[in-house]
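Have the sequence and the 3D view open, try each task yourself, and then compare your steps with the solution.

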Amino acid sequence: MIEEKPEKDRDEYIATVLKLYLQLPETPLRSTPHDRERASQLHQRGITLPIIESALLLGSLRRLSRPPEAPRLPLIRSLAYFVPVIEELLDNPFPEGYLDYLRGKLRRLVVGKIKHEQTGARSEKYVSS
C-alpha cells in the first residue's frame, strides 16, 4: 500500500510516479526527461502518491470508458496529460477507499476491453457497472 504522506526520498518518489504512469494503458513504454521533471515538480509541491495514483487511474478510466464508436484518441505522450486531473483531485479529494475502487475498475475495464477485442463484439459494454 502506498503511504499517505509525501515521500521524503525524491528519487524514490519520482521512480514510483514514473512506474505508475508507465504501467497504464495508452502511455509510452519509456518516460522522458520532461516526465521526470514533472514528477520532480509534483514532489516539490508535496503531492502525495495516493493523489498521483488516483489521478492517473481516473484519467485513464475516463479515456478507456469512451463509447467504442467514439473516435480513437491519440496515445498519451506525457505525464503532463494528468496534471489537470491531479489539480481536480486536490480541489475535490476522493473519500477513503476510493483508490482501491479505481484500481479494480481499471483492471476490469482493461480485461473487458481485451475480451471485447478478441471476440470482435461491437455492441457489448466493456464493464458492467
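**Exercise 1. The surroundings of an arginine**

Which residues does arginine 38 touch, not counting residues up to four places away in sequence?

*Solution.* Before starting, note that this is a predicted model, in which local features need pLDDT of at least 70, side-chain atom pairs count only at pLDDT 80 or more, and totals for chains, interfaces and linings use all residues. Residues are numbered from 1 along each chain as its sequence is written, and side-chain values use heavy atoms, with hydrogens and water left out.

Step 1: Find arginine 38 in helix H2. Helices here are DSSP runs (H or I, at least four residues), strands are runs of E with at least two residues, and both are numbered from the N terminus.

Step 2: Look for contacts, meaning heavy atoms within 4.5 Å. Arginine 38 touches Leu79, Ala80 and Val83.

Step 3: Compare sequence and space. Arginine 38 and serine 78 are 40 residues apart in sequence, and their C-alpha atoms are 9.2 Å apart.

Step 4: Check the accessibility. Arginine 38 counts as partly exposed because its relative accessibility is 29%; buried means under 20% relative accessible area, exposed over 50%, and partly exposed in between (1.4 Å probe, protein chains only).

**Exercise 2. The whole chain**

How many helices and strands does the protein chain have?

*Solution.* Step 1: Count the elements: there are five helices and zero strands. Along the sequence they give the pattern α-α-α-α-α.

Step 1: Turn to burial. The protein chain has 129 residues, and 39% of them count as buried.

Step 2: Consider the contacts between residues at least 6 apart in sequence: 73% of these join residues at least 24 apart.

**Exercise 3. A buried serine**

Is serine 60 buried or exposed?

*Solution.* Step 1: Locate serine 60 in helix H3.

Step 1: Read its relative accessibility, which is 2%, so serine 60 counts as buried.

Step 2: List its neighbours. Leaving out residues up to four places away in sequence, serine 60 touches Leu24, Pro25, Phe82 and Leu106.

**Exercise 4. Salt bridges**

With which residue does glutamate 26 meet in a salt bridge?

*Solution.* Step 1: Recall the rule: a salt bridge is a side-chain nitrogen of Lys or Arg within 4 Å of a carboxyl oxygen of Asp or Glu. The structure holds seven of them.

Step 1: The partner of glutamate 26 is arginine 63, at 2.9 Å from N to O. This pair links distant parts of the chain, with glutamate 26 in the loop between H1 and H2 and arginine 63 in helix H3 (residues 49–64), 37 residues apart.

Step 2: Compare the two partners. Glutamate 26 is partly exposed at 23% relative accessibility, whereas arginine 63 is buried at 9%.

Step 3: Move on to aspartate 11, which forms a salt bridge with arginine 10, the closest N and O atoms being 3.3 Å apart. Aspartate 11 also meets arginine 36 in a salt bridge, at 3.8 Å from N to O. Aspartate 11 lies in helix H1 (residues 10–22) and arginine 36 in helix H2 (residues 33–44), so this pair ties together parts that are 25 residues apart in sequence.

**Exercise 5. Two helix pairs**

At what angle do the axes of H1 and H3 cross?

*Solution.* Step 1: Two packed helices are described by the angle between their axes and the distance between the axes. Axes are lines fitted to C-alpha atoms, for helices over the stretch in contact, and angles run from 0 to 180 degrees between N-to-C directions.

Step 1: The axes of H1 and H3 cross at roughly 15 degrees and come within 10 Å. H1 and H3 are therefore roughly parallel; that word covers angles under 35 degrees, while over 145 is roughly antiparallel, 65 to 115 roughly perpendicular, and the rest oblique.

Step 2: Find the contact residues. Tyr13, Thr16, Val17, Leu20 and Tyr21 of H1 meet Leu49, Ile52, Glu53 and Leu56 of H3.

Step 3: Now take H3 with helix H4 (residues 83–91): their axes are 9 Å apart, at an angle of about 120 degrees. That makes H3 oblique to H4.
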